[in-house]
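Open the model in your viewer and keep the selection panel handy. We will stop at a pocket first, then follow the strands that lead away from there.

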Amino acid sequence: MPHDIVNGHIGHIGHNHSHDGDHLHSHMPDADRAEELKVMTTQFIEGFLDAKDKMSYLRLAGVPLEVADPLGGPTMKLVDVTLTTEWQVGTASPSFGSQELSYLPYPGPMVTERTNMGLIYVSLHAKHIEDLRNFMQSHPATQKDEL
């Protein structure tokens, strides 16, 4: 089956097709998924800020109050939620044939603001900050069903 070429790469853009006759599934371009995730995290943060009972909001959203320690230690407990605001004022990317980055500062109207949330879990021996974007990507409510 033919594939679309996007940015020089062969991709599958918003269509269903058979793979070796085994199954059908939809493909969502990474940019669309990233935009969808941005909208969901923004709405989640706004809801958290507006919630009168923050713990109930987190529970209803499925945020675990305890998680396993990634290093195998005792269970970690949710103790803090942080919000950080950042402003993207430019871009930097590798330059062809140079160790120097190609830097493009933004003019004022292109500067963008973004807010993110961190879920802070602790145990007696460790601290783990779960980025809201990672939580949202793995949350069952944000998963796309595949046919």
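Begin with the largest pocket, whose volume is about 410 Å³. Here a pocket is an open set of points on a 1 Å grid over the protein atoms alone, where a 1.4 Å probe fits, with protein on both sides within 12 Å along at least five of seven lines; the volume is the space filled by probe spheres set on points joined across faces, edges and corners. This is a predicted model, in which local features need pLDDT of at least 70 and side-chain atom pairs 80 or more, while totals for chains, interfaces and linings use all residues. Numbering starts from 1 along each chain as its sequence is written, and side-chain values use heavy atoms, without hydrogens or water.

Now select Lys38, Thr41, Thr42, Arg114 and Thr115: of the 16 lining residues, these are the closest to the pocket centre. (Lining means having an atom within 4 Å of a point.)

Which element gives the largest share of the lining? Colour α1, which supplies 9 residues. α1 (30-50), β9 (112-122) and α3 (132-138) each supply at least two; helices are DSSP runs of H or I with at least four residues, strands runs of E with at least two.

Next, move along β9. Its antiparallel neighbour β6 (residues 76-88) is joined to β9 by 11 bridges, with Gln88 opposite Thr112; strands pair if DSSP finds at least two bridges.

Finally, select β10 (residues 127-131), antiparallel to β9 over 5 bridges. Ile120 has Ile129 as its bridge partner in β10, and 4 residues lie between the two strands of this β9–β10 hairpin.
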